[in-house]
Structure formats: structure tokens, C-alpha cells
Amino acid sequence: MKFVVSEMAYFLRGRARQNLKVLLSYFAFLTALIVSYSLLFQYLQRRLEGEEHSFITGFYWVITAMTTLGYGDITFESDPGRLFSAIVTISGVIFLLIFLPFGMISLFLAPWIENRMRYRPAHGVPPEMEGHVVIFGLDPVTRALTRKLKSQDIPFFFVTENYEEALRLDEQEGTKVVYGSPADPQVLKKLRIESARYLIANMGDTDNTNIILTARSLCKTPIAAIVEEPEHIEFLRLAGADQVIPLKRILGRDLATRATTQGALAHVLDSFGKLLVAELPVHGTPFAGLTLAQASVRERTGLAVVGIWERGDFSIPVPETPLGENTVIVVVGTQEHLEALEKVTGEKSEEDLVLIIGHGRIGCAAAAFLERRPVPFILVDQAPNPHCSEHIAVIGDATSRSILQQAAIEEAKGLIVTTNDDGANIFFTLACRRLNPHVRIVSRANREENVEQLYTAGADFVVSNASVGANILMNILEQKASIFLSEGMNVFRSPVPASMNGKTLRNSGIRDRTGCTVIALEESGKETTILPSPDEKLTAGTNLILIGSAEQEAACRRNLS
Ligand code: ADP
Ligand code: ZN
């Protein structure tokens, strides 16, 4: 199918498109010729032979004559009529049997063959190339990564041993691709991996191990690998990967934290030393309906609100930001701060119950995460998971209402929709929203382009595999302090510049000038100050730990250097 699409695309571009126009005009000419002959046939039969025929019969006669089939069931007896028959047959031979195939060959087949013969996939990168990223394995995650790399002008190359894929990437998408076997040392040498910035292995655990071993025998370039099975992390490390990303487990965790309605401590996404980052739905807390300033989260709990999610859009809040029913706040603080928050918001809703549709690796990771909290959950899958012996799932097709009811959709407080089919995920989101209007739905988007549709179908939160994966990889490439907290948010270190020595945090203007929040101060020889007060004095050389979006981070780097 892909092949047909790519060939169609070829015909719709450049010279082939011109040729297509010629062909269409030729067909128009043939149609006109056949219609005229059919009408003329009717007229001559009537005038010369005294026979009445329908247009369809005329058409039939013209086609049999032009294609030299000549059934002989309708004939002309008069000389002028026979002359007409001869003309129709000869023009059929010329226009249908000679010109048409000749045109098809010279206008389409020959250029197509020429195009195929001409395409020589690259077998290596340019000889002076350095600082490039080499990517093994094309999927929505690495595709999303390439968009980020492009926007930062970081050169990258895909490696594939699939000729069709190479042709498609190169010719249609303008993506740099090297054709060859990823685990072949000769291919890796031609990729100049020794001068590359990073190698990204995203080909399944066994192939990744192979690539990493080969690459390690050649150079020390850092390697990041996405691992499928968490038990294989150790093998990939042993093979020589510097960063092994259990993406499915991370996605499971992201889905689970967002689906539970329990208190703040159940929503911790990640930690950074003693600092914990948690996401908390505002729904059901005393903050709902207030602005950030009115909620005074900082005063009541000591936590800093560093981000706001509103139906999939992440932003850095200002005091006037309203906290609506659908808002999710991202807070940073210590364990004690989060406990204080739980006192304000209530610890947990006793009867929390999360339904998980899809017990693949991601669904299983979400279940394991909830189990540790502990939050009760029910799994539904059409088949048992061969990799998991711990969880028992309701087995059945979740498109059936009775299966969903059996899995207690009506009582569930949260729902995680995580099959590997976005169409099915959209359907489950819609169906479950109807069965239970109050359930908190968190859906997984396997492809970025389906995020919007999942929100439209009624999801409260959508976790996109591609953008989560690409963010993690990008943070690794940029050597961020923390690999990943929450989508769209970065945590990074930056030293206090000499110009700010002695100023208080408030007067430094860091927040006003860059939008970033200082979440900790690291002074050598002293204990880290977590969530410093605005009156804290800054000392040149102290490390600031900041949180902000990618643009804010860039602003920070410009302003603080
Ligand atoms: P991943 O490992 O990325 O989570 P999988 O392909 O392993 O992806 O998991 C998807 C899971 O979703 C599979 O276990 C599959 O059986 C399940 N699934 C897909 N369609 C349905 C459906 N209609 N009803 C129930 N489960 C489904
Ligand atoms: Zn499981």
C-alpha cells in the first residue's frame, strides 16, 4: 500500500505531472472521436442501410471496429458504409493500438524506470560531517524528534536497510537517510559515528543490543536506547548504552498519575533530588473556581505552582490564572509540602477505582504504578498479556458495552485508554464518556495527529507517545539536568551571574525577565535550599535550579550569562 502511495506521489510531481496532463488530453480526444463515430454510425445506418440503432449499439460497433474485434453482427452493405468501417478500423489501429501504448510507455513507464534506476541511496554521510545525530529506527517517536532537531538545526541521519523506506524518506520527505544494515561496522564507519553527537537506537531490544555492541567496538559516542521490555534495561547498559529509556513504563506512569483522583502524593511524576514534581487535577479541591493568587497554594502549603495544564496545553501560570474544573496544576516541593497539600485537598477519595483498557506493556506499567500507590484498578483486554503473570484482566472486546459494564465502567472514577490503535482509543473514549459522564479519562495517542481527536472525543488528558518520547530524547541530547518531568517543562541548572551578586531573588528579576521559576539554590558546601523565599540573597557562583518551558529556558540562558 505504502508503495502504491509513494508511486502515486511520484506521478503527481514534476515532469510526470505534465505527462499526466498530456495523457488526459489524449483520453479526451479519444472520447470525442468515439462519440462522433457512434453518432455518425447511427446516421449512416439510417441513411444508407435503412436501419435504426441506439447510441449504445453505435458505441458497441465503434469499439469492436476500432479494436479490430469486428464481430460482424452489424455490417454495412453499401460502399460508402464500408469506407466508413475501414476508416474507423484504421483510426482505431492508429490511435488505440499504436499511439496509446506508445504514449503510455514513453510518457510514464520509461520515466518511472529511469527514476528508479537513477535513485542511488546514500551509503554514508558527507566526509566532513560532525555533531550529527544518527537515528536507527523510524517510528512516530523518532519522527517527532526529527522535527525538534530540524528546528534547532541539528543535522541528523536515519539508517535503514529497507530500500523503499530510504527512497520514500529521501525523495518525498527530504529527510537525510543512509542505506545499509544498522549493525554492520562498515555502515557505521561510513556514518562517521565517531564524530557524531549522539546515536539513538530505537529498533527493538535485540536489534538495539546488536547495534550498541557494534558501535561501542568502534567509538565512545554517547548512545541512547529506547527499551521495550524493562527487564532488558540491564542488557542494553551492559552492551554500552549510556541512556536506556523505558519509554513504555514512563508512559504507563504518566497515564496512571493523571487518572487517579487520589491526593497529591499519588500524583508525583518525578523527583529531582529532594524536590518532587506532582500534577494535581483541580477538580474536587477547594482551589476550583479561584485564581492562582486567591488559591494561595504557596502560602498554605509551601509548594510552588510551576505549570498549568488546560486540555493538553501547558503554560506557566501568572497570579491571575483561573483554576477551572479541568485545570491540572504542576507543583514542585518536598514530601512535607505535598503532605501539607493533602491536608488542604483531602487525602484520597476512598472509593477511587481506575479502569484500564488495554493490557499491553503500557497498560501493564500503568497498573503496576497504581498498585504501588495503592489505587484499585480493573484491566480489560481482548487477550491475556503473555508478558504479565501478575495482573488478572477481564478478557473481552472492549467495544462491547457488556464487557465495559462488567469492568465497572459506571463506578470507575478514572479511565485509562491505552491500546496501540488510535482509532480504537478514540472509540473507547467516546463510548465510555457516554456510559459515565463523570469519569476522568486519560487516553494515549500513538500518533501526534490524533491528540486533538481524542480531546474532542471527550478525554480529560491525552498522553502522546511520540511527543513524550521525543521530549525525553531531546533533553538527553541537550544534556539537561533532568531528563524529563512533564511535557513542555524543563528543569535545568544555571550559575548566578556576577551582576546579581547580593541581590535578593525578588530583585534579581529572573522571573520577570525570563518567566522561569527558581526552585532551588545549590551552594557548594551547603545544603540545597529548596524553594527559596523571594528575600533569599543570591551569591555569584551559586547554582540556580530553574524550571520553565524550552523558550523560557533559552531566555534564561541569554539573560543569565
Ligand atoms: P503497548 O505494549 O504499546 O501497550 P500493545 O500492542 O502491547 O501495545 O498493547 C495494546 C493492547 O491493547 C493489546 O494487549 C491488545 O490486545 C489490546 N487491545 C487492542 N484492541 C482492543 C479491544 N478492542 N479491546 C480490548 N483490548 C484491545
Ligand atoms: Zn500486567
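D153 sits in the loop that connects α5 (140-151) with β2 (156-160); helices (H or I, at least four residues) and strands (E, at least two) are DSSP runs, numbered from the N terminus. The model is a predicted one, in which local features need pLDDT of at least 70 and side-chain atom pairs count only at pLDDT 80 or more, while totals for chains, interfaces and linings use all residues. Residues are numbered from 1 along each chain as its sequence is written, chains are lettered from A and ligands numbered from 1 in the order in which they are written, and side-chain values use heavy atoms, with hydrogens and water left out.

Phi of D153 is near 55°, and phi of A408 is near 65°. A408 belongs to the loop between α15 (401-406) and β15 (414-417).

Leaving aside neighbours within four places in sequence, T146 is in contact (heavy atoms within 4.5 Å) with I135, F156 and F158. The C-alpha atoms of T146 and C556 are separated by 25 Å, and the two residues are 410 residues apart along the chain.

Attention now turns to the interior. In soluble globular proteins, nonpolar side chains tend to be buried together. A nonpolar core is taken as a set of buried Ala, Val, Leu, Ile, Met, Phe, Trp, Tyr and Cys residues joined through side-chain atoms within 4.5 Å. The largest such core has 90 residues, of which L145, L149, L415, I416 and I519 touch the most other members. Helix α18 (residues 465-477) gives the most to this core, contributing eight residues. Not counting residues up to four places away in sequence, L415 touches A259, V354, L355, I357, I409, C432, V439, R440, I441 and V442.

A second, separate core of 26 residues includes L188, I193, I211 and A239. A239 lies in helix α9 (residues 233-239) and is buried, with a relative accessible area of 7%. With residues up to four places away in sequence not counted, A239 touches T209, I212, L213 and R216.

What surrounds ligand 1? The shell is made of 15 residues, and the closest are K248, R361, D381, N420 and R444; a residue is near the ligand if one of its heavy atoms lies within 4 Å of it. By residue type, the shell divides into three nonpolar, seven polar and five charged. In this division Ala, Val, Leu, Ile, Met, Phe, Trp, Tyr, Cys and Pro count as nonpolar, Asp, Glu, Lys and Arg as charged, and the others, Gly among them, as polar.

The protein backbone also approaches the ligand. A backbone N or O atom of R361 lies 2.9 Å from an oxygen atom of ligand 1, and one of I362 lies 3.1 Å from an oxygen atom of ligand 1. For Q382, a backbone N or O atom lies 3.2 Å from a nitrogen atom of ligand 1. The protein covers 82% of the 570 Å² of accessible area that ligand 1 has on its own, as computed by the Shrake-Rupley method with a 1.4 Å probe.

Terms used
A polar contact is a pair of N or O atoms within 3.5 Å; within protein, one must be able to donate a hydrogen and the other to accept it, and residues adjacent in sequence count only if both atoms are side-chain atoms. Buried means under 20% relative accessible area, exposed over 50%, partly exposed in between (1.4 Å probe, protein chains only).
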